[in-house]
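Please walk through the model below, one chain at a time, and then look at how the chains meet.

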Amino acid sequence: MKHTPHTVVLPFYGYAAIALLAATILLACSTGAMTGHYFQPHVLAITHAMALGWGTMIILGASHQLIPVLIEGRLYSNTLAMLCFVLAAMGIPLLVYGFYVFDLGWPAKAGGILINVAVSLYVVNVVLSVQKSGKESIQAVFVLTAACWLLLTTGVGLLLLYNFTDPFLSRDSLAFLSLHMHLGVIGWFLLLVAGVGSRLVPMFLLSKYSNTSQLWWMYALINGGLLLFVFLFVRFPESGWHKIAILPLAMALLIFGVYCFRVYQSRIRKRVDGQMRLSILSILMAFLPLFIIAVISIGSAVVGNSPVLPLVYGFAIFFGWLTSIILGMTFKTLPFIVWSKVYEHQAGLKKTPQPADLFSHRLFRLMALTYLAGFLLFATGLAWKNIIVLNFSAPLLVTAAFCYNLNVFKLVFHGRHHQ
Amino acid sequence: MDVITNNTLRCTIALAALESVVDPELGLNVVDLGLICQVDFDDAAGKIFVQMMLTARFCPMGESLINAIARVMEATFPFAGITVLQTFDPPWDHSRISPEGKRFLNR
């Protein structure tokens, strides 16, 4: 077994950190757009900066590091991984810029194509790595399936982009946004976070709880729920029946919550650090979007569609659940990568710092506090359409992103002084 | 924690040396964590075999710990060839943690 070189993984982390800062600054500059309909250039730009630049880039980086661990073998190609980074890194700003100025011409399309090629390379790398290793692991199945859903998501996204300027689908692109978003959120993010989390959470808490059948149930419910959603959405577009897919997905989340609770209960290491506390909090935060979508579904049947709730829903997913788990897990995984780079060859021979000593815990606490306060206030401001609350809370999120960047780059550049 | 060996004296020396290898996530050394399960000395071949386990099957630090154990053993027994083997049968269990290790983890 060999680690993926840090030169492959660290650029993803650095890029994602900058993307988070950029997305929160865009959010702070666009609070006016947050009181209207969700289909607005700035909202689209921020959503894609968060989903691709932040969430996807950091997960791609972390999964390049974790795949060899999960399959007990090497990553098939480091070159493919680096190419994936370069293409995605070029494509994402082009796409986000295209949305921000709402020019869906060549910059956005070129961005979309680059992202699709990058994701294709990632899928090829994952498939070949698993195939070459021959080892079976349920977590590797989660990662492989999630990668396929990601490719479908970006593929659908590219089609919608072309459909904006040269309509060729039966309906306009706006009608398919919900499909595009849920393919990504459930198929890519939820499946991958659940799969990888089911390995990382017990490992970091030193828990002996393990239940593979629970994980298979979760896998079946997430994929089954998403397939049901896609089928009903495409086959009966106006009926709203696709909303029943909430049920299997809620079951899957519940199973994941129970799994994590059991892991927490049976942990051997009693003290839980701040990074793990934030990651565990994210599991609870995953239920917030579920609650909102239930309110949207019931509310639309009773009083008609609300233009506000979909924005709160999207915000709760990207700035809530997804961001909180990444903020926590970054400072569990990145310090290890940096520690391995700088200190691994000295381990045992002389006293070395622990990975947790490599970043500022004071900055981490400040980040966590400003993030949680910013998230709760901004979500409240969105729900109430209150621009004063939005303007007050957005700088808190920018502060959290700034603290995150300081700590990430403190880690990334740590090796320079010691090599 | 039980460590199987064919040479108790030299095993004690090896374990004392291996206390310098610390699990980076937990801050606890591999001996108190109960990761070392067997240390055998083959004097005829001039080799030492260390069998170790990991707390989790897919531990990302596994490779790092194996390398560190090999380095420390090479430094302690410079004239022997060192082989570090990984085993998951039986899997690591928390009952292998020493009383000192348990106190450390419960702090």
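Starting at the N terminus, the elements of chain B follow one another as β-α-β-β-α-β-α. The radius of gyration of chain B is 13 Å, close to the 13 Å that the globule rule gives for 107 residues, so chain B is as compact as a globular protein of that length. This is a predicted model. In total, chain B holds three helices and four strands. Its C-alpha trace spans about 45 × 25 × 25 Å along the principal axes, and 38% of the 107 residues of chain B count as buried.

The four strands of chain B make up an open sheet with mixed pairing, in the order 1-2-3-4. Strand 1 (4–5) and strand 4 (81–86) of chain B are the edge strands, each of them pairing on one side only. Strand 2 (residues 36–42) and strand 3 (residues 47–52) of chain B run antiparallel and are joined by six bridges. In strand 3 of chain B, B:Val50 is the bridge partner of B:Val39.

Two helices pack on this sheet. Helix 1 (residues 8–18) of chain B touches strand 1 and strand 2 of chain B, and the direction of this helix makes about 130° with that of strand 2 of chain B. Helix 2 (residues 62–76) of chain B touches strand 3 and strand 4 of chain B, with an angle of about 155° between its direction and that of strand 4 of chain B.

As for confidence, the mean pLDDT of chain B is 89, and 98% of the residues of chain B reach 70 or more. Within chain B, helix 3 (residues 99–105) has the lowest confidence, at a mean of 88, while strand 3 of chain B has the highest, at 94.

Turn now to chain A. Taken along the principal axes, the C-alpha atoms of chain A fill a box of roughly 65 × 45 × 45 Å. Of the 419 residues of chain A, 52% count as buried. Among the contacts in chain A with a separation of 6 or more, 79% are between residues 24 or more positions apart.

A:Tyr97 lies in helix 3 (residues 78–100) of chain A. This residue counts as partly exposed because A:Tyr97 has 15 C-beta neighbours inside 10 Å. Between A:Tyr97 and A:Ala383 there are 27 Å in space, C-alpha to C-alpha, and the two are 286 residues apart in sequence.

What remains is the interface. The contact takes 24 residues from chain A and 24 residues from chain B. On the side of chain A that touches chain B, the elements giving two or more residues are helix 2 (41–71), helix 6 (173–205) and helix 11 (309–343) of chain A. Helix 6 of chain A provides the largest share of that side, four residues. By type, the residues on that side of chain A divide into 13 nonpolar, five polar and six charged. For the complex, the predictor gives an ipTM of 0.82 and a pTM of 0.91.

Key. Residues numbered from 1 in each chain as written. Chains lettered and ligands numbered in written order. Predicted model: local features only at pLDDT ≥ 70, side-chain atom pairs only at ≥ 80, totals over all residues. Rg over C-alpha atoms; globule rule 2.2 N^0.38 Å. Buried ≥ 20, exposed ≤ 12 C-beta atoms within 10 Å, placed from the backbone. Contact = placed C-beta atoms within 7 Å. Nonpolar A, V, L, I, M, F, W, Y, C, P; charged D, E, K, R; others polar. Pairing = 2+ DSSP bridges. Axes fitted to C-alpha atoms, helices over the stretch in contact; angles between N-to-C directions. pLDDT = per-residue confidence, 0-100.
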